[in-house]
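Here's a quick tour for anyone meeting this protein for the first time. Have a look at the sequence and the model below, then read on.

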Amino acid sequence: MKRNGQVRFLTCIAIVLLLLLIVQTHAWAQDPLAKRITITLKNEPLKTALDKITNISGIKFTYNEQVASSTVKLRVSAKDSPLSTVLNDAFTGQPLQFSPLGAEIFIRFDPAKEKKPEAEPAANPAASQGKRTLSGTIKYASTGETIIAATLRVAGTNYATSSNEYGFYSITLPVGTYSISVNAVGTKSYKTTIDLNKNTSLNIALHDDLNELETVTITGNNDRRRVDNPQMGMERLSISETKNVPVLLGERDLIKTLQLLPGVKTSGEGSGGFFVRGGSADQNMILLDEAPVYNASHLLGFFSTFNSDAIKNVTLYKSGMPAQYGGGLSSVLDVKMNDGNNQKFGVSGGVGLIAARINVEGPIQKEKSSFLISARRTYADLFLKLSSDSNVKNSELYFYDVNLKANYILGNKDRLFISGYFGKDVLGADNVAGINWGNATATLRWNHVFSSKLFSNTSAIFSNYNYKIKSIDDESSLSLFSQIRDWNFKQDMQWYANDKNTLSFGLNSIYHTIKPGEVQATGNSGLLSQELQNRYSLENAVYASNTWKASNTLSFTYGLRVSAFSILGKGDYYTFDPEGNVTGTTSYESGEIVKTYVNLEPRIAAAIQLNNSTSIKASYVRNAQNLHLISNSNSSSPTDRWVASTNVIKPELSDQVSLGYYKNLGNDNYELTVETYYKTLQNQIDYRNGANIYTNQPIETQLLYGKGRAYGAEFLLKKKNGKLTGWIAYTISKTERKIDGINSNNWYNARQDRTHDISLVTMYQLSKKWSLSANWVFSTGNAVTFPNGKYKLLGHSYFYFSDRNADRMPSYHRLDLGATRLLKQTKKYSSELSFSLYNAYGRENAYRITFRDKETDPNRTEAVRTTLFRFVPSISYNFKF
């Protein structure tokens, strides 16, 4: 029955894609060159002739000043002929070319058709044949910050490229004169003409588009580039694109915005955790300036660790991850911090109901170096001090973030970056109980341009995550400590080989130290003091990939990542029987190799461009993961245990196949994306029934292993321009696990399984002063295990559970409203007030459901629903100068 259900599901998806292709045949007929006209031109000047064609056909032309002032004259006579035929006839013998450019036609001079003076033969053959490279860096004129994924296009051709993660671009073209345009979100388009007769370096500074409405558009920086790029399942957003989305307690949150996209699901009410295409929370590789972040949440998941003021760009890969990324089965979330303004000093920040933040940046040496300091802290604990209750007064409840960064331009070919993040949560009750946890990362990066075609990034990275729990009473005390620490080296290279091939290759080496748990106990806590053995491992990888533009309509990305995970001593490693009992122990000396797992991780993607606005893409990727989070809840908790692969716990593997359809609609004002996927997972981990997560025994005694599968379809329709913008996202999916020893060895729902997930997001620019926003979400309830019986023993009730995750929480839905009032805006200062109402219609969504004996009749059982948030208003004040 399960297999039949999958076949029916995939058949439905195939039918949907077929219908979209049928609809597309109508769009093909809209090619501007297919327009039929009747016209006669008799030695008309070029510009006049083009204007007449526009008046008759309604088709507009794009050209530069050189064409507009040309003395070329056109002669043609046509009756009910396609515009392509008319232009071919009119341009015969003329040094002109034409090509479609969206709904318009681009006209340019063709150097190959221009007559050369006989007195000047090709004295310099290199200047009249072959190809040359245009390269440089793209940045913001106002701040000097490099721009990620800015798009450079060569007008009238199919040549295009994008800036990499450090703003560098390179494009190889035949010798000639070209009109180029550069675009990025929130900037004015840059246009210039280049005489490319030698390798040329051109650094480009883009100016802010002050007239652009502050909309929340989550999209690639250029729609057409999104269509012809083989990369699938990628969403890129900048901080300005999350500005107006209403969120809990007014704290802008990147992860909360990502949860509104198809294929990305929240792990619970108010939670900062997320699930991607059926994967668990730990199967997302989260990077901050290339450093792994192992717990990206504050206050048990209600807020993320990412302070929006310090972040420049966020990229989420749901499928087809580039080969340089590894370590996560389901997704890669790559977060880049701001570099700092190297043009002028500036301060920005805000004050909200629970937190305040400050951001300071400026040049160390103007146009050469800059710094950034960004900090955020909650102050709920300050209100606790006002309480007359001594227990409340002495309690602690806060978190803080600090982001630091500096960068130095060492010369035309070298740049150095130093960045760090420090964050901590403190939850405590009068020195009786408390939870402390925190992250620290540091990254040193060196960019070097070897040539116009070869770019290098070298990184040394440190990451540390730890937590400590304490509990003290009159008779006992308990303290738990755990830690994961990484030392990481990366070398990445990009070689822009020619106009058809861009190669990426490199290596990565990480030394992991994991302290699984240190237990200090006294009295009758039920635990013995014990320091569990540290686990050491070395994770190495090499990779290579190539993006190949096979033709104007067909492109590929293919590559291979080879990872090797070596388990190192010092320590004891065990063997177990099927019931989880230890049957043998082997001791290893420091540095001795216990076991090495080698995995090949191939990936390939292809894009077929049907026309300028439509493409179909397909991809396959295999990922391996060697660090595993052992958790018994959906929400992120500091007590979740990270463990590395051992002689028993094998690396997790996933294989994902994806197929997608992409269409720009309504003169590129709308974008439709449909993606389907099927994913299989190996070596999945779950707890045994009745497992003890605080056991002093090896964690393997509590675990079982098996496989998983996930499949679904994602639909996204976005409106990107105008006063009203937004999107609607819908995901239908299924996620299951099959682990021997659970659910009678049959398939069962994974905790993150939800059949339906809908997000509707809208923003409206009411006036220059007011902007409004709203989002509505709906999802099927999480899969959970409810008791299906109980029994009495010595006067106490004990509940009986059978099938794992066979029940459902109630469906979840919520409406959030937001409004922003611009108070003042000048060249030197701006301020605004932001209002939001979370859960506007007061839906009592279930955070947890527990069961207990009914007070009036102990033989009966009642369910108790816990609800966290109803009608949560907030206001915050933001400023910048």
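## The big picture

Let's start with contacts. Among contacts in the protein with a separation of 6 or more, 64% are between residues 24 or more positions apart. Keep in mind that this is a predicted model.

In terms of secondary structure, you'll find nine helices and 56 strands. The protein has 881 residues, and 52% of them count as buried.

Now find strand 37, which covers residues 593–611. Strand 37 pairs with strand 34 (residues 554–568) in the antiparallel sense, over 15 bridges.

A hairpin of two residues takes the chain from strand 37 to strand 38. Isoleucine 604 has tyrosine 620, in strand 38, as its bridge partner.

## What sits in the cores

Which residues touch the most other members of the largest nonpolar core? They are Leu288, Phe306, Ile311, Val314, Leu333 and Trp727, out of 58 residues in that core. Leaving aside neighbours within four places in sequence, leucine 288 is in contact with Val293, Phe306, Ile311, Val335, Met337, Asn403, Tyr421, Thr441 and Thr443.

There's a second, separate core too, made up of 24 residues, including Ala49, Ile53, Ile59 and Val67. As a rule, nonpolar side chains in soluble globular proteins tend to be buried together.

## A helix with a buried face

Helix 4 spans residues 83–90, and its residues Leu83, Val86, Leu87 and Ala90 are buried. Look down the helix axis and the buried residues fall within an arc of 90°, so they line one face of helix 4.

## A lysine to look up

Last stop: lysine 490, in strand 30 (residues 476–495). Is lysine 490 buried or exposed? Its relative accessibility is 10%, so it counts as buried, the cut-off being under 20%. Setting aside neighbours within four places in sequence, lysine 490 is in contact with Glu290, Asn457, Thr458, Ser459, Ile461, Leu507 and Asn508.

Technical notes: Residues are numbered from 1 along each chain as its sequence is written. This is a predicted model: local features need pLDDT of at least 70, side-chain atom pairs count only at pLDDT 80 or more; totals for chains, interfaces and linings use all residues. Side-chain values use heavy atoms; hydrogens and water are left out. Two strands pair if DSSP finds at least two bridges between them. Helices (H or I, at least four residues) and strands (E, at least two) are DSSP runs, numbered from the N terminus. Buried means under 20% relative accessible area, exposed over 50%, partly exposed in between (1.4 Å probe, protein chains only). Contact means heavy atoms within 4.5 Å. A nonpolar core is a set of buried Ala, Val, Leu, Ile, Met, Phe, Trp, Tyr and Cys residues joined through side-chain atoms within 4.5 Å. The arc is that of the directions from the helix axis to the C-beta atoms.
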